[in-house]
Amino acid sequence: MPTAIAVTSDDLVLPAHDRHTPGAALLHPPEQHDLESALAGTSALLERHGHLVALVPPWLPRSTVQRLHTVRAILETDRIALLDIDLPPLGTALLARQLRQLSVCDFSPGIIASAARLLSHYIYAGALLGSVAKLDRVRVPVGLGSHARSWSPSAQFAVLAHPTPHLAKLGASGGGRGGAHGGSQRAGSQHGGSRSGSPGGSRGSSYGAAPVLPAGPDFATHLTFARGQLASDWVAAELGPAWQVQGVMENPLPAASPAWWGTPKLVEFAAGIPDLSVLYQLVASVRREQCRWCGLELIGDRCGFCAAPLTAPPPSAATPANTGRSRP
C-alpha cells in the first residue's frame, strides 16, 4: 500500500485529477475524536500503509497540533512524519493532493515526506480580498494606504502570499473584467506598484494607475479557487488567463480560510503543477541522501520523519583548545 497522506479536516481534500490518485487520511481534531479513537485510527493507518505523512500548518488550533504529537509519542513510532508547512489553507490542500499523487510512485516514504518542502516552493497561493485591514503583516506587507482604502465598501485587493508576497488594489468592480490585464506580465513591485505603459491603462484602478497582477509561475499549472463571501469572477476570468493556466477548478472554501486571510469576503486561489510525470521528474532529479539518524532516504537538508538535519551541527566552541601554553 502507498504511504498514507493525512490532513486534519475533510475540506483540505481536493478532488484528484485522475482515478489513480488515492484519497487522504483524516486525522480528527480532539473535539471530534477522543484520544483512544485517535490512537486506534492511527494504528490502523500504520498497519495498512506502513508510514504516515501528515501536514501540520501553523494555523491549526494548538489543541490539534498537540493531539498529533501526543499520538505519535504514545505509539512510540518513527513511522509518522509531522510536516510543518507554512501555506494558506487552499495551498495546503493543493500540496496534500500532490503528495497523494506521488504516493503511488516508487518513492520511499522518506522521499515523499521530504518532497513536501520542495513542492511547496512551486505553489502559488493567494486570494482576492474585500479588505486587508486584518491581514497579518508578517504574511503580506500592507501599507497604510491600503489599510485606509480597505474601509471602502467597494475595495478589492489581489494578494499573493506565497511564494513571494504581493499586494495590488483592483478596481471598484473587484477586478472583474475591468481589472488588471496584460497576459503573462510580471509584477514590477512586490507591494502592489505598477509599471508605466502596462496594458489596461487606468481602467482597473480608481487611483490613476493600472494594478499589476501578482507575478505568476513560469511553468504549466492548474488553478484551483474557492469562493467566500465575495461575488467576483476575477480569479477565473482575469488571473487564470493572465497566468496561462492549463485548467481552472472551483472547490468549496476551507473553513480555516477566513481567519487566515482576516476576512470572510474573499476568493482564495492556489496554482500548482498538476501533471504527475512532471512532479515525479522534479522529485527524482534531486540528489538522494540517507538520514544519519533514522536511516530513511531523503532529499533536501532535513529528514521529514525525524527532523534531523542532513549534516551534523558544528561542535560547540565553548571550551578553548589546549595550546600547551599557560593562560596569562
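Select helix H6 first: its buried residues pack against strand S5 (124-129), S6, strand S8 (222-227) and S10. What you have open is a predicted model, in which local features need pLDDT of at least 70 and side-chain atom pairs count only at pLDDT 80 or more, while totals for chains, interfaces and linings use all residues. Residues are numbered from 1 along each chain as its sequence is written, and side-chain values use heavy atoms, with hydrogens and water left out.

Helices (H or I, at least four residues) and strands (E, at least two) are DSSP runs, numbered from the N terminus. Buried means under 20% relative accessible area, exposed means over 50%, and partly exposed is in between (1.4 Å probe, protein chains only). Contact, touching or packing against something means heavy atoms within 4.5 Å.

**Stop 1: H6 and the residue after it**

Stay on H6 and color its buried residues: Trp234, Val235, Glu238, Leu239, Gly240, Ala242 and Trp243. That is 7 of the 10 residues in H6, so the helix is mostly covered. Now step on to Gln244, which follows H6 and sits in the loop between helix H6 (234-243) and strand S9 (248-250). Is Gln244 buried or exposed? Gln244 counts as exposed, at 55% relative accessibility. Check its backbone too: phi is positive, about 55°, although Gln244 is not a glycine. Most residues other than glycine have a negative phi, and most peptide bonds are trans.

**Stop 2**

Go to Ala307, in the segment after strand S12 (297-298). Ala307 also has a positive phi, about 65°, without being a glycine. Its relative accessible area is 40%, which makes Ala307 partly exposed.

Next, select His162 and Pro163 together. The peptide bond from His162 to Pro163 is cis, with omega near 10°. You'll find Pro163 in the loop between strand S6 (157-162) and strand S7 (166-169).

**Stop 3: the nonpolar cores**

A nonpolar core is a set of buried Ala, Val, Leu, Ile, Met, Phe, Trp, Tyr and Cys residues joined through side-chain atoms within 4.5 Å. Which members of the largest core touch the most other members? Show Leu95, Val159, Trp261 and Val283, out of 67 residues in that core. Zoom in on Trp261: leaving aside neighbours within four places in sequence, its contacts include Pro88, Gly126, Leu135, Val159, Ala161 and Glu268.

**Stop 4: Thr263**

Move along to Thr263, in the loop between helix H7 (257-261) and strand S10 (266-272). Not counting residues up to four places away in sequence, Thr263 touches Leu129, Ser131 and Pro258.

**Stop 5: two crossing helices**

Show helix H3 (residues 89-102) and helix H8 (residues 276-284): they pack at an angle of about 85°, with their axes 10 Å apart. The axes are lines fitted to C-alpha atoms, for helices over the stretch in contact, and angles run from 0 to 180 degrees between N-to-C directions. Angles under 35 degrees count as roughly parallel, over 145 as roughly antiparallel, 65 to 115 as roughly perpendicular and the rest as oblique. H3 and H8 are therefore roughly perpendicular to each other. Which residues meet there? Gln98, Gln101 and Leu102 come from H3, and Leu276, Leu279, Tyr280 and Val283 from H8. By class, the contact has 5 nonpolar, 2 polar and no charged residues (Ala, Val, Leu, Ile, Met, Phe, Trp, Tyr, Cys and Pro count as nonpolar, Asp, Glu, Lys and Arg as charged, and the others, Gly among them, as polar).

**Stop 6: Leu75**

Select Leu75 in helix H2 (residues 62-75). Leu75 is partly exposed, at 26% relative accessible area. Beyond its neighbours within four places in sequence, Leu75 is in contact with Leu39, Thr42, Ser43, Leu46 and Ile80. Draw a line from Leu75 to Thr42: they are 33 residues apart in sequence and 8.9 Å apart in space, C-alpha to C-alpha.

**Last stop: cysteines and the whole chain**

How many disulfides are there (pairs of cysteine sulfur atoms within 2.5 Å)? A search of the whole structure finds 0. Cys306 is in no disulfide, and the nearest cysteine sulfur, that of Cys291, is 3.4 Å away. Cys306 is partly exposed, with a relative accessible area of 28%.

Now zoom out. The chain has 8 helices and 12 strands, and 48% of its 328 residues count as buried.

Terms used: Disulfide = S-S within 2.5 Å.
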